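Work through the exercises below with the model open. Try each task before you read its solution.

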Amino acid sequence: MSTQPGTEVLRYTAFSADPAGGNPAGVVLDASGLDDKAMLAVAADLGYSESAFLTEPDGHGGHTVRYFSPKAEVPFCGHATVAAAIALAERDGPGDLVFSTPAGTVPVTVAREGDELRATLTSVEPYTTDAAPEDVAEALAALDWPAAGLDSALPPRIAYAGARHLVLAAVSRERLADLSYDFARLEALMHRLGLTTVQLVWRESGTVFHVRDPFPVGGVVEDPATGAAAAAFGAYARESGLVPDDAVLTLHQGADMGRPGTLTVELRPGDARIRVSGTGTRIG
């Protein structure tokens, strides 16, 4: 598929081996001929939550990568990173990659597991900060969630691992499933706080979570599988004392949209960075 003369635009899904699952992303392996306006036009034409644009290959797995939603450039996107890495692995073979992104350097390893390729990205240094009570109240109002709909054991916080996300934990799976929000109101709050998504979470068990990510600032209602938010949530879970330093978490996302995907989040002792892995496949 190409939306710019001479430019090959690939379509991949990430965090699922099924083309009908996970989160679709556009991938341009050679975006050297595209300026900002052209990259935004490709992303808008595709209509996916994000697309990845690669330039400046160094011949040793290194690439400069930029990410665009249909409305704007974003500093980092996990699912488009996985999609781009798997696209490169299909072309060049599995191995180690290094993506230079606006958020920082992101190493990615692609390995073959049976008939599938699995990509593992290592985030930039993460952090979490308090969420102001008035901002949480505004988010709940935009979501039309009562305060009683939050799980008090998982406090609201802003988490970062390449992009900022407000983490809000639902008290039940039913609460998480009921998502019908005020697009403009939530978008305005997110712009004010510099958020990429709001990550809505329900804890099934100590290491298994279900998540949803409204993404109005990107021009889409919801992101089907969000690698950047998964990395940020790994930092949140560790810093909140929900999990130990050597945990492996499973995040289920996209089922409520009919595009189920699975994200694996790994925490390692002595390393603040978060690893997020998943499968992927070409669409069409």
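**Exercise 1. Sort the residues that line the largest cavity into nonpolar, polar and charged.**

Step 1. Ala, Val, Leu, Ile, Met, Phe, Trp, Tyr, Cys and Pro count as nonpolar; Asp, Glu, Lys and Arg count as charged; the others, Gly among them, are polar.

Step 2. Sort. The lining of the largest cavity holds five nonpolar, six polar and two charged residues.

Step 3. Know the source. This is a predicted model, where local features need pLDDT of at least 70, side-chain atom pairs count only at pLDDT 80 or more, and totals for chains, interfaces and linings use all residues. Residues are numbered from 1 along each chain as its sequence is written, and side-chain values use heavy atoms, with hydrogens and water left out.

Step 4. Find the space. On a 1 Å grid over the protein atoms alone, a cavity is a set of points where a 1.4 Å probe fits but cannot get out; a pocket is an open set with protein on both sides within 12 Å along at least five of seven lines; lining residues have an atom within 4 Å of a point. Of its 13 lining residues, Glu50, Phe76, Cys77, Thr226 and Ala228 are the closest to the centre.

**Exercise 2. Which element gives the most to the lining of the largest pocket?**

Step 1. Define elements. Helices (H or I, at least four residues) and strands (E, at least two) are DSSP runs, numbered from the N terminus.

Step 2. β4 (62–68), α2 and β6 (95–101) each supply at least two residues.

Step 3. Pick. α2 gives the most, with five residues.

**Exercise 3. Is strand β13 (residues 208–215) buried or exposed?**

Step 1. Buried means under 20% relative accessible area, exposed over 50%, partly exposed in between (1.4 Å probe, protein chains only).

Step 2. Count. Eight of the eight residues of β13 are buried, so the strand is largely enclosed by the rest of the structure.

Step 3. Check the faces. Val208, His210, Arg212 and Pro214 are buried on one side, and Phe209, Val211, Asp213 and Phe215 on the other.

Step 4. Trace the partners. Strands pair if DSSP finds at least two bridges between them. β12 (residues 197–203) runs antiparallel to β13 over four bridges. β15 (residues 248–253) pairs with β13 in the parallel sense, also over four bridges.
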